[in-house]
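Reader: I have a structure open and would like to go through it. Can we start with the record and then look at charged pairs?

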Amino acid sequence: MTTSIALFTRDLRLTDNPVLTTAHRESDAVVPLFVVDDRIVPDRCPPNRAAFLATALAELDERLRGIGGRLVVRHGDVAEQVARLADETGAGAVHLAEDVSAFAARRVRALRERLDGTGCAVVTHSAVVTAADPAVLTPATGRDHYAVFTPYFRRWVDAHQRRPLGSPRSLPVPDVRGEALPAAADLAAGEASPNCPRGGEISGRVLLSKWLAGPIDDYAERNDALDADATSHLSPYLHFGCLSPVEIVHRTDLSTDGGHAFARQLAWRDFHHQLLAARPDTAWTSYRTGPFAVRDDPEAVTAWKEGRTGYPIVDAAMRQLVTDGWLPGRARLITASFFAKSLRLDWRVGAAHFLHWLVDADVANNQLNWQWAAGTGTDTRPNRTLNPLRQADRYDPDGTYVRTWLPELADLDGATIHRPWRADIPHSVYPPPLLDVPGM
């Protein structure tokens with residue numbers, strides 16, 4: 001009997017998973033494996049992502065048991081645990097998804113080195129974490145990545161994508177030892193955000209179906225409206241691979257305004273993955289020199305993190321971040337621009353704070369979106385600064401979003417909430433602005 005190992009990483013799903021499908025097709029039995037990497041947990045795993053991951057693994061195990069399998073959990077070094085399991089089962093191959101971070105590249109190298117000469121091959125699969133293979137959509141100039149999004153998006157829309165795969169109907173799993181599914185407390189120290197979403201393929205597919213059934217139609221017009229909550233909330237499920245980006249693109253009607261605008265955001269995700277694949281150093285090194293000199297101001301950093309900048313639109317978003325573990329895209333842009341452009345603080349500090357709290361934060365999208373906002377990344381207008389007052393007037397015109405998160409200002413009517421200093425709100429109730437901006 002032939003056996004393969006399907007090593008789950010950021011592809012915690014059965015539907016449209018080339019890793020699992022190929023392992024199942026090419027062998028008589030499959031070991032669905034997840035390794036709790038001791039180098040990450042608990043010290044380097046934030047509570048929100050730990051909570052989401054724990055429920056995602058539980059749902060993955062539930063789905064596997066529904067087809068006669070189960071999730072095998074091991075703790076320790078990934079390469080070592082895979083090698084031990086390959087020896088126990090006589091596995092001829094270990095399948096896993098390609099990913100773009102330096103950490104993912106080191107993991108594959110470690111697997112190849114550890115399994116070299118053992119008879120167990122390491123097989124990686126593209127277009128599992130992303131909709132498009134980062135190595136395929138490259139410029140005609142011969143460069144290994146696009147530096148500007150618009151031409152990338154044109155290629156991305158026209159590119160052939162594989163058709164989504166179904167999920168296996170049955171999955172024979174050999175009798176091997178597994179450990180208990182980890183709870184959130186096993187993965188990270190500290191409490192998750194009160195409104196942290198539940199992870200998993202089952203939960204993700206319910207959310208996706210609701211999104212495609214109607215709300216996506218208004219996405220082009222309303223996605224930036226902070227008072228509308230008109231975004232998909234699918235990003236955490238994409239980050240952990242509970243949903244397939246290939247399937248989502250396939251099920252999205254790009255001929256509609258809403259579908260096209262939504263697909264554009266999926267393409268931004270792939271664009272950033274391609275950039276990080278080509279330049280792994282951009283996780284913490286500026287892609288290019290920024291437009292401003294960076295200041296060192298710990299008090300301003302703390303005020304920003306705690307939602308005490310004196311600008312309600314910024315502070316509301318920072319408080320939502322801690323409570324929900326998530327932010328709409330427009331709120332991310334406003335807060336990041338304010339931090340890096342208005343306050344002129346180091347984008348890495350802000351990015352690290354987002355990495356800690358955001359359930360969907362991965363190195364590619366979080367870091368490179370921060371670089372875009374800071375003017376050190378791929379923005380073709382690196383000097384642009386988002387004025388928080390103009391942003392508030394445009395995207396929260398009645399103050400509904402701010403009023404939700406800043407109860408101390410809830411009595412201010414309409415848009416007056418965006419300029420509480422004009423209403424003579426005492427500084428003991430709400431702090432004065434950290435700096436002046438046009439429109440005060």
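**Domain and salt bridges**

Author: UniProt, in an unreviewed entry, places the feature "domain: Photolyase/cryptochrome alpha/beta" at residues 2–130. UniProt positions are in the numbering used here, feature names are shortened, and annotations may be inferred rather than shown by experiment. This is a predicted model, where local features need pLDDT of at least 70, side-chain atom pairs count only at pLDDT 80 or more, and totals for chains, interfaces and linings use all residues. Residues are numbered from 1 along each chain as its sequence is written, and side-chain values use heavy atoms, with hydrogens and water left out.

Reader: How much of residues 2–130 is helix, and how much strand?

Author: The span is 41% helix and 22% strand. Helices (H or I, at least four residues) and strands (E, at least two) are DSSP runs, numbered from the N terminus.

Reader: OK, new topic. How many salt bridges are there?

Author: The structure holds 23. A salt bridge is a side-chain nitrogen of Lys or Arg within 4 Å of a carboxyl oxygen of Asp or Glu. One of them joins Arg-10 and Asp-99, at 2.9 Å from N to O.

Reader: Where do Arg-10 and Asp-99 sit in the chain?

Author: Arg-10 is in the loop between strand S1 (3–7) and helix H1 (18–25), and Asp-99 is in the loop between strand S4 (93–97) and helix H4 (102–115), 89 residues apart.

Reader: Is Arg-10 buried or exposed?

Author: Arg-10 is buried, because its relative accessible area is 15% and buried means under 20% (exposed is over 50%, partly exposed in between; 1.4 Å probe, protein chains only). Asp-99 is partly exposed at 22%.
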